[in-house]
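User: I am new to this structure. Please walk me through the charged pairs and the reasons behind the labels.

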Amino acid sequence: MIEYSYLAVILLMKFVQKLLNKKTSVMIDGAAQYLGYGAYRYILSGLMALVLLLFAGDAGDFGLTALGISALGSLALAVSIYCSLEAMKNGAIILVSLASSAGLLLPCIFGIFMFDEPMSAMQFVGIGLLLVSAYLLAGYSKRLTGSFTTKTLLLLLGGMLSNGLIMIAQKMFSKYLPDASVSVFSFLSFGLAGLAMLILLLPQLINKKGREKFASLPAAAWGYGAILSVALLIINQLATLAGRVIPSAIMFPINDGGGTIIAALTASVCFGEKLTMRSVAGLALGIVSLIIINLC
């Protein structure tokens, strides 16, 4: 099925995300920069989705159901980007990725009741092994950074829950609106998230300190943000399309578990985060868990 080829493209875009999110996490500081950067990324993604809609000549379904699902996705997106960028300042890139990946528990469990997608006992075992993998890599991050604060823990938890809600919103749109263009979901969710962050940015720009902080955002961040906007749109489009055919218990572990493995390689090769025996064991266990989930 062509939907499985979408997963390979998504994993490629995940590499771009891991690489550039780590680079920009050290550039962005304070509410003005966070809100401005987030609004820029999401509005850009939303505009590109609108272009796709116009190019296809399909206005899509802008009904209340599409709007409600997209609003859920947009709220989760805004929380996700904040938690991800802030947590990367305090934790290793692999741990941040794993916490985000743990969000796959939400669509897998909710899928049983909401989307009639039962899970086998072995798939539950596979997800359990994935959590053990996360525990092993949590210890790796603590040694690497020298600290693991309550703030970091809360940010990781926020990243997990918000990423899980994004997946649920994607699946809801796929299942409840199977005939609607997926570009509608991208346009509404990214557009609403970007608009909300832009509105929150305006009070920050009223005072001089806020304006100066916003203006000090490095030029490279805007370039990285444009590339990330394209990657984000591609991931959202293909994940929503694939969700119409591939069960949650298979799709999301591949997407996010595979993304964690990519994060490990990115961290080691590009950012010098050395892999220890414990981290290698965690990654190996994560790979085994994905195999179990997909074969059972």
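Analyst: E117 has a relative accessible area of 10%, so E117 is buried. Buried means under 20% relative accessible area, exposed over 50%, and partly exposed in between (1.4 Å probe, protein chains only).

User: What is the basis for these values?

Analyst: This is a predicted model; local features need pLDDT of at least 70, side-chain atom pairs count only at pLDDT 80 or more, and totals for chains, interfaces and linings use all residues. Residues are numbered from 1 along each chain as its sequence is written, and side-chain values use heavy atoms, with hydrogens and water left out.

User: Why is K175 called partly exposed?

Analyst: Its relative accessible area is 32%, so K175 is partly exposed.

User: What makes K175 and E117 a salt bridge?

Analyst: A salt bridge is a side-chain nitrogen of Lys or Arg within 4 Å of a carboxyl oxygen of Asp or Glu. The closest N and O atoms of K175 and E117 are 4.0 Å apart. K175 lies in helix α7 and E117 in the loop between α5 and α6, so the pair ties together parts 58 residues apart in sequence. Helices (H or I, at least four residues) are DSSP runs, numbered from the N terminus.

User: Which residues do salt bridges with shared partners join into one network?

Analyst: E117, K171 and K175. E117 and K171 meet at 3.0 Å, N to O.

User: How many salt bridges does the structure hold?

Analyst: There are 4. One of them joins D29 and K213, at 3.2 Å, N to O.

Conventions: Helix = DSSP H or I, 4+ residues; strand = E, 2+ residues; numbered from the N terminus.
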